[in-house]
Each structure stands twice: as C-alpha cells, then as structure tokens.
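Me: I would like to learn to read a fold from its model. Can we go feature by feature?

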Amino acid sequence: ELMAAVLVLSGWGIGKARAEDLEATSDPYKQGQGNVSLGLLKGRVRGCPTNVNPNCVSTSSLSTSYQTPWKAPEGMSMKEACELIKDTLLGKGAVLREYGEVSETDPELGTYLRFDLEGNFGREKPDHVEFLVRKTDPVNWEGESSGLSVFFRSIAGGVRYIYPIQQPITDFSKQRKRMEGIRNDLGWRLSGCELIECYE
C-alpha cells in the first residue's frame with residue numbers, strides 16, 4: 001500500500017491513467033462503442049467519423065460519406081420547410097428529439113432538427129438524423145435557384161465489428177438510401193442541380 005501511494009504521488013499512477021485514456025480515444029473500436037456525438041459543430045452539421053462509424057452520410061463530409069444538400073421550394077418559409085421535414089420523419093416512425101432555432105438572437109443561423117429512428121441495434125441504440133435549415137448566399141448561375149438550403153446527417157447509432165480485426169460491418173448504404181427516400185417524399189431538389197441533367 002505504501003509503494004502504491006508513492007507511485008501515485010510521484011505521478012506514475014496519473015501518467016498511467018492518462019495513457020489509458022489516450023489509448024481509449026485513439027482506438028476506433030473503443031470509440032465505436034461509445035455514444036454518437038450529436039448537435040451542430042461551429043454552426044454546421046457534423047461530418048461523419050468514418051474511421052469509427054462508416055455507416056453515415058453528411059453534407060459536411062469530405063469523403064465518400066458526403067451527400068449533396070437539398071433546396072426547399074422557392075418561396076417556402078422556414079417554418080413551412082421545417083414542419084414538412086418533421087411531418088415526413090414522424091410519418092416514418094421517427095421520434096423528434098430536438099427542434100428549434102440555432103440562435104434566438106440571429107435567426108439567419110437557421111433551425112436545427114434532430115430525430116431518432118430504429119436502426120440495426122433496435123431502440124437501445126437508435127439511428128440519428130439531423131437537419132439544419134437556413135438561408136444561404138445566392139449563387140449566380142443557372143444551375144442554382146433561390147430558396148432555403150437543407151443540410152443533414154444520418155448516422156447509425158452503433159457499430160458492429162468483424163472479430164478479431166476490428167473491421168466495422170457496413171449497413172449497405174442504409175443511411176444514404178434513407179436520406180434519398182426522405183428527399184423523394186418531400187419532392188425537393190438537390191442543391192445546385194436544378195438543370196435537367198442533374199435530376200435524380
């Protein structure tokens with residue numbers, strides 16, 4: 001007991017604890033077992049943590065997990081757009097977890113919505129779908145129209161790994177197909193793809 005106390009007081013025990021914490025945060029397998037980080041990051045939808053959870057798509061990603069933002073119809077108000085998103089998701093069995101303006105003092109920052117949907121892990125670790133609806137600066141080219149921009153992320157609530165190599169198991173593009181289905185239900189266009197050759 002005396003030796004243990006000496007080691008802790010000398011910093012060895014603290015150093016070991018910090019090393020274990022560092023190992024846990026740098027190990028994708030251990031990170032994948034934790035909770036998914038939700039909410040906006042610096043006013044934007046988060047990207048996908050592809051090294052931890054590849055079953056994700058986001059309008060903020062810079063890799064193959066990227067998915068194009070949407071455009072709400074021209075003239076549609078913020079409230080109308082958000083209510084349509086909410087009704088569409090609730091119609092798919094989603095649970096609304098968060099809905100409100102990003103900033104009470106600056107409405108230009110947009111409105112954030114977050115939903116839980118049952119995923120491959122059932123109700124214990126639901127999938128998460130997040131939206132940020134806001135105005136964006138107009139782009140002066142024929143392939144873009146005015147209207148609210150819709151940014152989003154859809155991410156699995158948990159990850160399964162192939163033992164023992166810790167390779168995450170794919171959900172076969174479930175998140176991408178989900179968001180494509182939601183957009184089709186809304187009838188909204190992809191941002192920057194108002195030209196006929198951009199239709200999907």
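Me: How many helices and strands are there in the protein chain?

Reply: Helices (H or I, at least four residues) and strands (E, at least two) are DSSP runs, numbered from the N terminus. The protein chain has 5 helices and 9 strands. From the N terminus on, their order is α-α-α-β-β-α-β-β-β-β-β-β-α-β. This is a predicted model: local features need pLDDT of at least 70, side-chain atom pairs count only at pLDDT 80 or more, and totals for chains, interfaces and linings use all residues. Residues are numbered from 1 along each chain as its sequence is written, and side-chain values use heavy atoms, with hydrogens and water left out.

Me: What share of the residues of the protein chain counts as buried?

Reply: Buried means under 20% relative accessible area, exposed over 50%, and partly exposed in between (1.4 Å probe, protein chains only). Of the 200 residues of the protein chain, 38% count as buried. Accessible areas come from the Shrake-Rupley method with a 1.4 Å probe; for residues, only the protein chains shown count as cover. The protein chain exposes about 12,100 Å², and carbon and sulfur atoms supply 53% of that area.

Me: Which residues touch the most other members in the largest nonpolar core?

Reply: In soluble globular proteins, nonpolar side chains tend to be buried together. A nonpolar core is a set of buried Ala, Val, Leu, Ile, Met, Phe, Trp, Tyr and Cys residues joined through side-chain atoms within 4.5 Å. The largest one here has 23 residues, and Trp70, Ile85, Phe131 and Trp188 touch the most other members. Two or more residues each come from helix H4 (78-90), strand E4 (111-119), strand E5 (122-134), strand E6 (149-155) and helix H5 (174-186). H4 gives the most to this core, with 4 residues.

Me: What does isoleucine 85 touch?

Reply: Contact means heavy atoms within 4.5 Å. Leaving out residues up to four places away in sequence, isoleucine 85 touches Phe115, Phe131, Val133, Val150, Leu186 and Trp188.

Me: Which way do the residues of E6 point?

Reply: In a regular strand the side chains alternate between the two faces of the sheet. In E6, Ser149, Phe151, Arg153 and Ile155 point one way. Val150, Phe152 and Ser154 point the other way, and all are buried.

Me: Which strands does E6 pair with, and over how many bridges?

Reply: Two strands pair if DSSP finds at least two bridges between them. E5 and E6 pair in the antiparallel sense over 7 bridges; there, phenylalanine 131 has phenylalanine 152 as its bridge partner. Strand E1 (residues 56-58) runs antiparallel to E6, with 3 bridges, and cysteine 56 is the bridge partner of isoleucine 155. Strand E2 (residues 70-71) is also antiparallel to E6, with 2 bridges. Here lysine 71 stands opposite serine 149.

Me: Where is phenylalanine 172, and is this residue buried or exposed?

Reply: Phenylalanine 172 lies in the loop between strand E8 (167-168) and H5. This residue counts as exposed because its relative accessibility is 64%. Its phi is near 55°, a positive value in a residue other than glycine.

Me: What is phi for serine 173?

Reply: Phi of serine 173 is near 65°, again positive in a residue other than glycine. Serine 173 also sits in the loop between E8 and H5. At 39% relative accessibility, serine 173 counts as partly exposed.
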